[in-house]
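The following exercises are to be worked with the sequence and the model at hand. Each task is followed by its solution in steps.

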Amino acid sequence: MLAPTLNNASLQSFAENYTDARTRFLTILQALPTAYNHRALPCIGQAPNGESLYTDTVWIGPADASSVLVLISATHGVEGFAGSAIQIDLLQRLQVGNLPNNFAILIIHALNPWGFAWLRRCDHEGIDLNRNFINSYAPPPSNSGYTELATALIPTDGDWQSANQRLSEFAAQHGQRAYEIAVSGGQYSDPAGMFFGGLHASQARHHIEALIAEHQLSERALAVIDLHTGLGPFGYGEIICDHPHNTRGAEVAALWYGEAVTLPDIGSSSSVPKSGLLDYAWHAIMNTAPNAPAGCFVTLEFGTYPVDNLFNVLRHDHALHAQRNIRSNNDTPDWQARAAQANTANMRRHFYPGTQAWQAMVLFQGRQTIDMAIRGLVRE
Ligand SMILES: [Zn+2]
């Protein structure tokens, strides 16, 4: 037999839940042979087992490094299984490998630990962090397609059949892309709804802005990789670049990651254009002058099941959470309720299929993308 491409020890990077992921991450970190700077940022809420929630940040390499790889997991909480595993796998690779000179890695583990812990995509306030980075909350962007579809997406009368019919008619009339933009492009009118961008800066946004300032990241060459799951072909890791085409950021992405890079704004991606992406906080500090250090932000998005399944799973998740009777006193879901258990199983499966084949595809492409980012930064 040939030696396995990825051995079983590598697949141990995948955790069972948020608390397990954090424990594994910190255990591997403590075994790192090189110096590092770790900070645990306390977050609001608790895990289902009562444990505290943290976003952990780790700086590995010289404090004044001119090039930095930034690796972010669990921006969409429940998607953290894959992201955390890729970060843990990188720490394991660093046990034996060295970084280039003048180079640092900033790992942001579990940007949305509440969502990771409770198997939700939004944070504890119902905010989709990846729609929260808008320029102004007064007024926020409008999304007329969402307004038209809101009561069909989460039918308060319980008539899912009629609601589904309305969604199908909208897609048939306006096209699939317009339908996906209406549903998932971001909305700022319905706090209980899907893809709600929030009406104020989220806790995570404050954390990101503080990290950018604290580490003076605007003065360095940056490769940011934000790790996501749940969109695109099963197991495929799509490198999505939301820098507008014909900009320096998009050029850098093509240079570093090659022709696999896709761009939502020209329709070459599984993802449609969106409001308030986390990307935009980083775009603002990258390529700010012709001679500024190069930088680009990409989303590494691992596919699972079709987009219809994504929307349906999320619709039922939000419908369930919109009902007060499944909430317990501390404003978190009552996991004893049968409907809640079925829902969390569906959420987990859509965003983390968890088969060995899927895990191996995630780790392999995660390593490949990280290596391309490092090579790209070193060439700069
Ligand atoms: Zn995501």
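**Exercise 1: a tryptophan pair**

Trp114 and Trp118 are about one helical turn apart because they lie four residues from each other in helix α4 (residues 113–118); helices are DSSP runs (H or I) of at least four residues, and strands (E) of at least two, numbered from the N terminus. The model is predicted: local features require pLDDT of at least 70 and side-chain atom pairs pLDDT 80 or more, while totals for chains, interfaces and linings use all residues. Residues are numbered from 1 along each chain as its sequence is written, and side-chain values use heavy atoms, without hydrogens and water.

Task: Classify the ring pair of Trp114 and Trp118.

Step 1. Rings of Phe, Tyr and Trp (its six-membered ring) pair if their centres lie within 6.5 Å; planes under 30 degrees apart are stacked, over 60 edge-to-face, the rest tilted.

Step 2. The centres of Trp114 and Trp118 are 6.4 Å apart and their planes make 35°, hence a tilted pair.

Step 3. Trp114 is buried at 7% relative accessibility (buried is under 20% relative accessible area, exposed over 50%, partly exposed in between; 1.4 Å probe, protein chains only). Trp118 is also buried, at 7%.

**Exercise 2: the zinc site**

Task: Identify the protein donors of the zinc ion.

Step 1. Donors are N, O and S atoms within 2.8 Å of the metal (3.2 Å for Na, K and Ca); water is not among the atoms, so sites may look incomplete.
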